Amino acid sequence: MDVTRQLADLIVNSQPDEQARQNARRGVADFIAVSWPLLRHQVPDSGLPVLKQLFPEQTIAHRALLLGYAGHALDFDDFHADFRGHPTTVILPALLAWCSFHPCDDIGHFLDAYIIGTETAGRIGLAATQQHYTRGYHNTATLGTLAAAAALARLTRASVSETAVLLGMAATQASGLRAQFGSAVKPLHAGLAAERAVQAVRLALAGFSGQPQGVIEAFLAASNDGPSATEKLTAHWGTPWRITEPGLEFKPFATCSGTHSAAEATRLLRRRWQAEHGAVDGLLNAIDHIQVSFPPGGDIAASVRHPQTGIEARFSLEYVIAAMLLYDDLRMADFAEGPVNPEIMPLASKVSRVADEHAPADALNPALRFHEVSLLLRDGRRLSQRRTRQQSLAAPVDVREKLLRALQPEQKQLRERLAGDCQLTDSGQLQRLTEALFSAT
């Protein structure tokens, strides 16, 4: 049996466990938290109105596109290490859009489809190897198309043969480049991936002919400099489920995850100064220069050095470090559409990047990534703090609190209903949640 067929068989026939379903419920709650502010116009965004104008038809595919964009527009959505991308903002829009036309009466089946999609995301990420990302592809867009198609195959109860065909159709449409980071096209990638997955499933279920074998292998070979690890697509599938281990990483800040350990190291430095010296103004006035170091290639995602807009600033180590020093937080308003905050830029201009050549290259193992932030003061002192990716992950994000903050502007009745429905204990909650999302869209 070829790899595409093996993968199709696992998508159709494997059975997630209850722990995976609980993790899926947290993923749904986080997705509502990051998409709702955009859908309800709580934050400025010019992209969604354009998309709604261009795609007014209420089709499954267009709903998936709009919701995928909304989920990724703030760069506040979850991340998966094996996938090296954002799985939920592609998978859930496809599933929810489908359910808005074809209601799912089995909440367990819906959650399983989400779990299967996340498993596929992690597996395809491992099979593609780190080279797929480092060559310039945006995994959320490329590999995400396959993950969302897998989730829909499970939701629609496609056969193994249909699933093999639709996976090939998804693979042949998969595209997206990291060169678009810092623009509205980056979140559009998520919407397009969800839309393409819907189209692939509709075509396959309608009997449209496609190659049932070899396409995923060809996709991996074409988008990789060296040999891909196709065996990782299927080996030890679901043991444990990728939504459980390594699991979804929920963001504490609405910026690129490649900036988070730098932000946290900076916060530790700031708070240490406050504890010892009081007001932070003394520190800000004493800084002559700031240095941030990381493994070679560790800034591949956070590549913007001189941001002009808040969206570009999400990918700027310089801006993130300066913002954290000034405000002890990464405020969403400082990373929204429009010009950068002029208060941040003078301090950001003092930041320089230095790759630590003694550390293994980031592409070899991104899990070992770290940021070390050093404040070089005018009196010759050097204050340094290192924060590793693993330390960041050890500080869990309170997803319920994140959700409640996103819903805070709503009236109490709506806020309580949405928060309750995110628990997804029955199909009625899923239906109400779907209706609320698309009425907001």
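Predicted model: local features only at pLDDT ≥ 70, side-chain atom pairs only at ≥ 80, totals over all residues.
Is Thr259 buried or exposed?

The chain is built from 21 helices and 4 strands. Its radius of gyration is 22 Å, close to the 22 Å that the globule rule gives for 441 residues, so the chain is as compact as a globular protein of that length. Along the principal axes, the C-alpha atoms fill a box of roughly 75 × 55 × 40 Å. Of the 441 residues, 59% count as buried, and if we take the contacts between residues at least 6 apart in sequence, 79% of them join residues at least 24 apart. As for the surface, the accessible area comes to about 17000 Å², with 51% of it belonging to carbon and sulfur atoms. There are 42 positive and 46 negative side chains, and the centres of these two sets lie 2 Å apart.

Now to Thr259, which sits in the loop between helix 12 (243-247) and helix 13 (260-277). The answer to my opening question is that Thr259 is buried, because its relative accessible area is 0%, where the cut-off for buried is under 20%. Its side chain makes a polar contact with the side chain of Thr255 at 2.9 Å, and the side chain of Thr259 also reaches the backbone oxygen of Cys256 at 2.7 Å. Leaving aside residues up to four places away in sequence, Thr259 touches Ala302, Arg314, Leu317 and Val320.

How values were computed:
Residues numbered from 1 in each chain as written. Heavy atoms only, no water. Helix = DSSP H or I, 4+ residues; strand = E, 2+ residues; numbered from the N terminus. Rg over C-alpha atoms; globule rule 2.2 N^0.38 Å. Buried < 20%, exposed > 50% of the residue type's maximum accessible area, 1.4 Å probe, protein only. Contact = heavy atoms within 4.5 Å. Areas by Shrake-Rupley, 256 points an atom, 1.4 Å probe, with all protein chains shown as cover. Lys, Arg positive; Asp, Glu negative; His and termini not counted. Charge placed at Lys NZ, Arg CZ, Asp CG, Glu CD. Polar contact = N/O pair within 3.5 Å; in protein donor to acceptor, adjacent residues only side chain to side chain.
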